Amino acid sequence: MSSAQSPLRRTRNLGASHSGTGHFWRERITAAALVPLSLWFLYAVLGLAGTNVVTALRFLALPWNALLMAAFVLTALYHAALGLQVVIDDYVHTAGSKILLFLLVRISVIAAGSVSLFALLRIAAF
């Protein structure tokens, strides 16, 4: 049985959408990165439970903690955007709605990431 894909497409391992394999691996890599980051986040939250705001700010002002928190937030946002893209692709069937939802997801992720990084930088600077 012959394939509808050109030999070049089969060699490059690209599917019908030309990006499915890359998307699949980005989802898996971000999920794998979130495992240790989530364990660190859980450790940090449990360690800060019952303390005051000043203690939490001092904790996040440490460079290593600020870096891990930034990595956790950015990785989680990117992973969420990848997952929402799959949901939109699977369940939204009109082209205009898909484009609008993709833009809303991308704008929301960029806004949330920017605000989070700005807050972490402000905490670390003072």
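Good morning. Buried here means under 20% relative accessible area, exposed means over 50%, and partly exposed lies in between, with a 1.4 Å probe and protein chains only. Asn 65 belongs to helix H4. Not counting residues up to four places away in sequence, Asn 65 touches Trp 40, Phe 59 and Leu 60; contact means heavy atoms within 4.5 Å.

Some notes on the source. This is a predicted model, in which local features need pLDDT of at least 70 and side-chain atom pairs count only at pLDDT 80 or more, while totals for chains, interfaces and linings use all residues. Residues are numbered from 1 along each chain as its sequence is written, and side-chain values use heavy atoms, with hydrogens and water left out.

Let me turn to the chain. The protein chain has 5 helices and 0 strands, and its pattern along the sequence is α-α-α-α-α. Helices (H or I, at least four residues) and strands (E, at least two) are DSSP runs, numbered from the N terminus. Of the 126 residues in the protein chain, 20% are buried. The chain exposes about 9000 Å², and carbon and sulfur atoms supply 72% of that area, computed by the Shrake-Rupley method with a 1.4 Å probe; for residues, only the protein chains shown count as cover. Among contacts between residues at least 6 apart in sequence, 66% join residues at least 24 apart.

Next, the core. Which residues touch the most other members of the largest nonpolar core? They are Trp 40, Phe 59, Leu 60, Met 69, Phe 72, Val 73 and Leu 120, out of 13 residues in that core. A nonpolar core is a set of buried Ala, Val, Leu, Ile, Met, Phe, Trp, Tyr and Cys residues joined through side-chain atoms within 4.5 Å. Two or more residues come from each of helix H2 (20–48), H3 and helix H4 (63–91), and H4 gives the largest share, 6 residues. Phe 59, leaving aside neighbours within four places in sequence, is in contact with Trp 40, Ala 44, Leu 48 and Asn 65.

Now the helix packing. H4 and H5 pack at an angle of about 175 degrees, with their axes 10 Å apart. Axes are lines fitted to C-alpha atoms, for helices over the stretch in contact, and angles run from 0 to 180 degrees between N-to-C directions. H4 is therefore roughly antiparallel to H5; angles under 35 degrees count as roughly parallel, over 145 as roughly antiparallel, 65 to 115 as roughly perpendicular and the rest as oblique. The residues in this contact include Met 69 and Val 73 of H4 and Phe 102 and Leu 120 of H5.

Helix H3 (residues 53–61) and helix H5 (residues 95–125) pack at an angle of about 95 degrees, with axes 8 Å apart, so H3 is roughly perpendicular to H5. Leu 57, Leu 60 and Ala 61 of H3 meet Leu 120, Ile 123 and Ala 124 of H5.

Finally, is Phe 102 buried or partly exposed? Phe 102, in helix H5, is partly exposed, at 29% relative accessibility. Beyond neighbours within four places in sequence, Phe 102 is in contact with Gln 85, Ile 88 and Asp 89. Phe 102 and Ala 81 are 21 residues apart in sequence and 9.0 Å apart in space, C-alpha to C-alpha. Thank you.
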